[in-house]
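Subject: Structure handover

Hi,

My notes on it follow below.

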Amino acid sequence: MSFDSKITILKKRRVDIWLTRILTQNGLALYATWSAYYCCLILSAFLTHLIGVEGFRSGSIAIAFLFLLIVAYFVLENFVWQRFLLHVFTPWLVLLIALPSSLANNLIKKDKKIQLDPSKFDFNHIKADELTRNNIFLVILIALASLMTISKLVMFILYKTKLSN
């Protein structure tokens with residue numbers, strides 16, 4: 001086998017590796033994150049409708065469970081399995097889309113007249129008594145997920161620059 005054909009094989013493998021990282025690993029991570037988020041929603045519905053727990057308490061339990069999942073995943077992703085999950089970013093994108101949508105859904109349920117037109121949507125209609133415990137927990141969870149996303153990006157950049165030196 002000639003030297004040129006070995007280089008061609010290595011280049012083809014690089015493409016395969018990057019396609020696996022981008023499509024397969026991120027796709028599975030997206031599916032797993034969305035499934036975990038949905039399981040927390042189902043847990044809240046199960047506790048409310050079948051067990052008889054009050055709605056705000058079951059929501060708090062689901063949010064606490066989601067908090068534990070997010071923190072555990074962050075620790076495992078960045079400190080235990082960093083080498084394997086270095087190129088996986090979609091769980092954080094899913095959380096940054098799903099958590100604000102849950103918060104918006106909670107706030108919109110209070111006032112049925114609000115239309116979901118982004119040009120007209122603002123938070124001026126929210127009263128202080130509508131800032132329930134679960135909404136405050138969701139805001140904290142959104143902030144935490146945002147910080148973890150930024151720290152994931154910083155760790156990725158630091159790891160890549162360390163490898164290139």
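The count of aromatic pairs in this predicted model comes to five. A ring pair is described by how far apart the centres are and by the angle between the planes.

Take Y73 and W92. Their ring centres are 5.8 Å apart. Their planes meet at 45 degrees, so this pair is tilted. Y73 belongs to helix α2, residues 55–80. W92 belongs to helix α3, residues 90–110.

Are the two partners buried or exposed? Y73 is partly exposed, at 24% relative accessible area. W92 is buried, at 1%. The cut-off for buried is under 20%.

W92 also pairs with F74. Here the ring centres are 6.0 Å apart. The planes stand at 75 degrees, so the pair is edge-to-face. This pair again links distant parts of the chain: F74 sits in helix α2 and W92 in helix α3, 18 residues apart. F74 has a relative accessibility of 12%, so F74 counts as buried.

Which residues make up the aromatic cluster? Y73, F74, F79 and W92 form one cluster. Two of its members, Y73 and F74, are thus the partners of W92 described above.

Next, charges over rings. R21 lies over the face of W18, 4.7 Å from the ring centre. K152 has its charged end over the ring of F89, at 5.2 Å from the centre.

Now the overall picture. The protein has four helices and zero strands. Along the sequence the pattern reads α-α-α-α. The chain has 165 residues, and 28% of them count as buried. W92 and F74 are among the residues that count as buried.

How much of the contact set links residues 24 or more positions apart? Of the contacts with a separation of 6 or more, such residues account for 71%.

Last, the surface. The accessible area of the protein is about 11400 Å². Carbon and sulfur atoms hold 70% of that area.

Best wishes

Note on methods:
Residues numbered from 1 in each chain as written. Predicted model: local features only at pLDDT ≥ 70, side-chain atom pairs only at ≥ 80, totals over all residues. Heavy atoms only, no water. Helix = DSSP H or I, 4+ residues; strand = E, 2+ residues; numbered from the N terminus. Buried < 20%, exposed > 50% of the residue type's maximum accessible area, 1.4 Å probe, protein only. Contact = heavy atoms within 4.5 Å. Areas by Shrake-Rupley, 256 points an atom, 1.4 Å probe, with all protein chains shown as cover. Phe/Tyr/Trp six-rings, centres within 6.5 Å; stacked < 30°, edge-to-face > 60°. Lys NZ or Arg CZ within 6 Å of the ring centre and 35° of its normal.
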